[in-house]
Amino acid sequence: MGRLAAAVWVAAAGLAGCYASTANKPIAVVTTAPPTMTPTPKPTRTPPPTPTPSGPTPTPTAQPQVVHIAFAYGEFTDPTYGPVYFYSPNAKSASVVKVKAGSSLVFVNDEKGSTQHTASGLGTKFPPSFDNSSGFTRSGTTLDGGTAWSTGTLNPGEMSQVFTVGPPGVYYFGCAFHYFEPPTVSNGSMGDVVISM
């Protein structure tokens, strides 16, 4: 064997031994599973605490009943109390005024010109003529069956003092300027009735 042939044989034998040694042994394959991704929790926003008021809880106050006064409100005949004139609890037409005992009530002069009016207590029925002791002077804060409470003279657009409605009952009132006898369907005497319930 020549030197070249011997060198080829040694190389071939070495390669064969190399292949033979790896062909019979399994190669360990290491597989790594991809890492499991755990979702990162999103931060939650905690709403700011609702402030708690301290002290007593405020009680809502009821608005006073408004009784409007004007010649525009004409005559209304109530089946129980008869004709009433020029006082309106709804600013649309004359009517008796029904309110809860202990509630608040005010009068307002709705005239557009210069006509003045009052709302003045006349007792528990319409008297033969105006008999309120205060009449043109603002007096009292309780609306009842007496003859001393009065808004006094109200100019157009003017509002009275706030009255507290007395205990259940029927209270008659009228205008110091325009009440001259119990109202009828034709005389235009300015009077009305508050029914306290």
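Phe126 is buried in this predicted model, with a relative accessibility of 16% (buried means under 20% relative accessible area, exposed over 50% and partly exposed in between, with a 1.4 Å probe and protein chains only). Residues are numbered from 1 along each chain as its sequence is written, and side-chain values use heavy atoms, without hydrogens and water. Because the model is predicted, local features need pLDDT of at least 70 and side-chain atom pairs count only at pLDDT 80 or more, while totals for chains, interfaces and linings use all residues.

**Aromatic pairs**

- The model holds eleven aromatic pairs, where rings of Phe, Tyr and Trp (its six-membered ring) pair if their centres lie within 6.5 Å; planes under 30 degrees apart count as stacked, over 60 as edge-to-face and the rest as tilted.
- Phe71 and Phe86 form an edge-to-face pair, because their planes stand at 80 degrees, with ring centres 5.0 Å apart.
- This pair links distant parts of the chain, 15 residues apart: Phe71 sits in the loop between β1 (65-69) and β2 (75-78), and Phe86 in the loop between β3 (82-85) and β4 (87-88). Strands (E, at least two residues) and helices (H or I, at least four) are DSSP runs, numbered from the N terminus.

**Phe126 and its partner**

- Phe126 pairs with Tyr172, and their ring centres are 4.7 Å apart with planes at 80 degrees, so this pair is edge-to-face.
- Phe126 belongs to the loop between β7 (120-123) and β8 (142-143) and Tyr172 to strand β10 (residues 169-174), so the contact ties together parts 46 residues apart in sequence.
- Tyr172 is buried, with a relative accessible area of 11%.

**A ring cluster**

- Which residues do ring pairs link into a cluster? They are Tyr87, Phe107, Trp149, Phe163 and Phe173.

**Positive phi angles**

- Most residues other than glycine have a negative phi.
- Ala91 is not a glycine either, yet has a positive phi of about 60 degrees.
- Ala91 lies in the loop between β4 and β5 (97-99) and is partly exposed, with a relative accessible area of 35%.
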